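Please read them with the coordinates open.

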Amino acid sequence: MTAIDAPALGSGIGYRPQFRADLFAYRDQIDFVEIIADHYLDASKEKLDELELLKSHFPLVAHGLDLSIGSADGVDPRYLDKVAALIERIDPPWWSEHLCFTRAGGVSIGHLASLPYTQEAIDVVARNVEFVRRRIKTPLILENITCVVRIPGGEMDEPEFLSRTLEATDCGWLCDVANMHVNAMNFGMGAEGEFERWPWDRLVQMHYAGGRERNGVLIDSHDATTSEAVWMLYDRVVARAPVKAVVLERDEKIPPFNELIDEVARARTTMVENGRWR
Amino acid sequence: MQNIPLLNLPGPEFLNFFGLVVIIVLAAAYLCIRLADRTDRRPPPPVPQNPDAMEVAFLQGGVNQVIRTLIYDLAQRGFVGLAAEDHVVPTEKQPQPGELNAMETRLLEAVQTKPKAHKLFEDLSLRRRLLELLAPLRAKLAAEELIKPQSVKIWRRRAQIGGTLIIVGLALAKIYVEWEKGSANVAYLVFLAAASVAVLFALAYVLTRTHASRRGHAYLEAMRLAYGGRLKEAIGHIGSPGPEARAFGGAALFLIGLYGFSPLKGTTEAMFAEAFSRGSGSAGADCGTSCGGSCGDGGASGDGD
Ligand SMILES: [Fe+2]
């Protein structure tokens, strides 16, 4: 079974305006581009021109930040309208959001907050995804996030929570291997059998990135090259499941572009070796 | 003619009518010229990964921009320099056989007489030779519909002639009628007609002065959007020794081609912007001094088609 019916996109990069010129100069080495949806919601003419330029040179997918798919009081319909307009404009094969909440009581909390691993949270997400689907037909896929603290009262662990949520919503999975690694480091590795318990049959896209340690805790800061440990996990996932697209996320301390190209090429090699990409 | 009621309108009312006719003529001229270039029905080609400075320069500003770009290139490589009073002068450095291409060689030749910067734009034999050498590039750009199509030139001429006939014809008819009646107060009408024709020609010029077609403009605009960010970075490295300056050398030509010399203002190489803007009207994308009447002929350079 594949989670959604869409063509593979290959090895891409998360777009950041800082490297726009390099992206175009090296565009034959980037298979596709992931844009941050929120950067184009109330966009200036210049941002819209940039979007058109990207669209005419790369396959695009959109990655949202603030839908808050886990909010018990539902998603904000005005925000959803803006996302819908953007999705219509770029017509991607799928779009993604984080399995988390970013607003509570209608107020933005400014970061991606982990949901409690409960059936109640799953029901909320399923209800919200239904609402979103009525507005946006393009398939939505959900990304696993890092957990700062485990919310007490959990009824299950993360692999089960994610699997059951994707089951209940019928969404594909954006597997962020860096986030997976961060959680494994900060909360202890599961038993060896745990790897098989993630919802591999729902895998659509992957994120990988480098992070760093702060006060003994690993954080997904997207400000370093991808670590060997994350690459190992990446290789294992690509070998395990038919991923369609992988994206390098780099937000801070952006190095010379050829270093990013090297990472994108490294990721592509694994895809090719496993028959996931030409 | 005295039987035509419109021509018998009292002066102020006739002037209102005349003004209306002029506005319609200008609007029609705008539409004709604008619709003659429908190359933007197709989206522009993808931006090149390694932009060709000469292609960009030619598209952006015709032969003038090519001359600017070549001069900057030769100066960067130490073959020419700028002297007092905007004179472009050759240096001691002699090119090795094969070191310069044909266009660079020709320009270096033109510089031997130490001309003032803007005089280079007026050097007809230089322009002719450069155009010959640019012919393959020009053909390639034309095949991609990036250069203004011939139809623009044809429609511009039609709009100019047709518009002038209507404006002048109407004015003359009124003058004739007034003269028959024995009144001679037509000075204002004469002035208005002359001014209207001037505006018509100015409009036609503005609409057709650039070399690039609408598709070509979209292409240049996409390149600016894609690579413009490099400009800031590159400008920051001007005059600094070391690898950044050399890296700029590569990007510089492309950026000069795209923007002209204007971005160099305020850098150690500002003299280029100054030397070429004095007497040339603009250091950027617009015409140089040689525009004159021929400038509209399919490009900023007045180089014919
Ligand atoms: Fe991510």
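1. Between domain 1 and domain 2 of chain B there is one residue pair in polar contact, with both residues at pLDDT 80 or more; a polar contact is a pair of N or O atoms within 3.5 Å, where within protein one must be able to donate a hydrogen and the other to accept it, and where residues adjacent in sequence count only if both atoms are side-chain atoms. On the side of domain 1 of chain B that touches domain 2 of chain B, helix 6 (150–181) and helix 7 (187–208) each supply at least two residues, and helix 7 of chain B gives the largest share, three residues. Helices (H or I, at least four residues) and strands (E, at least two) are DSSP runs, numbered from the N terminus. By class, this side of domain 1 of chain B has three nonpolar, two polar and one charged residues; Ala, Val, Leu, Ile, Met, Phe, Trp, Tyr, Cys and Pro count as nonpolar, Asp, Glu, Lys and Arg as charged, and the others, Gly among them, as polar.

2. This is a predicted model, in which local features need pLDDT of at least 70 and side-chain atom pairs count only at pLDDT 80 or more, while totals for chains, interfaces and linings use all residues. Residues are numbered from 1 along each chain as its sequence is written, chains are lettered from A and ligands numbered from 1 in the order in which they are written, and side-chain values use heavy atoms, with hydrogens and water left out.

3. The division of chain B is into domain 1 (5–36 + 150–208) and domain 2 (53–148 + 210–294), with bounds that come from an automatic or database domain assignment. Six residues of domain 1 of chain B are in contact (heavy atoms within 4.5 Å) with four residues of domain 2 of chain B. The area buried between these two domains of chain B is about 430 Å², of which carbon and sulfur atoms give 49%; buried area is the accessible area (1.4 Å probe) that two parts lose on being put together, summed over both. In domain 1 of chain B, R34(B), Y205(B) and T208(B) lose the most area to domain 2 of chain B, together 66% of what that side buries.

4. Between chain B and chain A, nine residues of chain B are in contact with 12 residues of chain A, and about 970 Å² is buried, 55% of it from carbon and sulfur atoms. Q49(B), L225(B) and R230(B) supply 59% of the area that chain B buries against chain A, more than any other three residues. The side of chain B that touches chain A divides into seven nonpolar residues, one polar and one charged. Seven residue pairs are in polar contact across this interface, both residues at pLDDT 80 or more, whereas the count of salt bridges (a side-chain nitrogen of Lys or Arg within 4 Å of a carboxyl oxygen of Asp or Glu) is zero.

5. Within chain B, E104(B) is placed in helix 3 (residues 102–111), and E104(B) counts as buried because its relative accessibility is 7%; buried means under 20% relative accessible area, exposed over 50%, and partly exposed in between (1.4 Å probe, protein chains only). Leaving aside neighbours within four places in sequence, E104(B) is in contact with L70(B), D73(B), L74(B), R77(B) and E99(B).

6. In chain A, F131(A) lies in helix 4 (residues 119–135) and counts as partly exposed, at 33% relative accessibility. Not counting residues up to four places away in sequence, F131(A) touches V75(A), P77(A) and L80(A).
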